[in-house]
Amino acid sequence: MATIPPEKAPKPGLNIYGRAAVNPDKLTIAAEELGIPYNYIHMDMLAGEPKTEWYASINPNGRMPAVVHINEDGTSVTVFESGSCLLYLANEFDKEHTLSNPIAKPEYWT
Ligand SMILES: N[C@@H](CCC(=O)N[C@@H](CS)C(=O)NCC(=O)O)C(=O)O
């Protein structure tokens, strides 16, 4: 498996891989609204970065966005698909449900 280039490697904390487009923007908007510090890693589509072997280890679909969350204990979680990423951010960072609904409530499914 290809090594992630150092300038594209995730850092401790929340990392969002994206570009200026609607799906990645969903995550940066959510992170901003929740006040979560994050490291934004720009993916250059013209250079073909999303389809590289190293990015396939993060998102095998070769699309943006993706999240790599490196916890304080060094464990990490990788999530792709913007809907799944939003659910992950809500679960991890919106414990008070300021932006999301509790899973058991009808509002969640709506
Ligand atoms: N269903 C995916 C769609 C992701 C998607 O298509 N992202 C666009 C940017 S907004 C992309 O990566 N396009 C590059 C490509 O399809 O090769 C999601 O919601 O994350």
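His97 lies in the loop between helices α3 and α4 (106–109), where helices (H or I, at least four residues) and strands (E, at least two) are DSSP runs numbered from the N terminus. The phi angle of His97 is positive, about 55 degrees, although the residue is not a glycine. His97 counts as partly exposed because its relative accessibility is 35%; buried means under 20% relative accessible area, exposed over 50%, and partly exposed in between (1.4 Å probe, protein chains only).

The model is predicted: local features need pLDDT of at least 70, side-chain atom pairs count only at pLDDT 80 or more, and totals for chains, interfaces and linings use all residues. Residues are numbered from 1 along each chain as its sequence is written, and side-chain values use heavy atoms, with hydrogens and water left out.

The protein contains four helices and four strands, arranged along the sequence as β-α-β-α-β-β-α-α. Its radius of gyration is 14 Å, close to the 13 Å from the globule rule for 110 residues, so the protein is as compact as a globular protein of that length. This radius is taken over C-alpha atoms, and the rule is 2.2 Å times the number of residues to the power 0.38. The C-alpha trace spans about 40 × 30 × 20 Å along its principal axes. Of the 110 residues, 34% are buried. Among contacts (heavy atoms within 4.5 Å) with a separation of 6 or more, 50% are between residues 24 or more positions apart.

A UniProt record, an unreviewed entry, places the feature "domain: GST N-terminal" at residues 11–97; such positions are given in the numbering used here, feature names are shortened, and annotations may be inferred rather than shown by experiment. Over residues 11–97 the chain is 33% helix and 24% strand, and the end C-alpha atoms are 26 Å apart.

Strand β4 (residues 76–80) includes Ser76, which is partly exposed with a relative accessible area of 45%. Leaving aside residues up to four places away in sequence, Ser76 touches His69, Ile70 and Asn71. The C-alpha atoms of Ser76 and Leu14 are separated by 9.6 Å, while the two residues are 62 residues apart along the chain.

Two further loops show backbone features. Pro65, in the loop between α2 (53–56) and β3 (66–70), is joined to Met64 by a cis peptide bond with omega of about 10 degrees. Glu81 occupies the loop between β4 and α3 (82–93). Its phi is near 75 degrees, a positive value in a residue other than glycine, and Glu81 is partly exposed at 46% relative accessible area.
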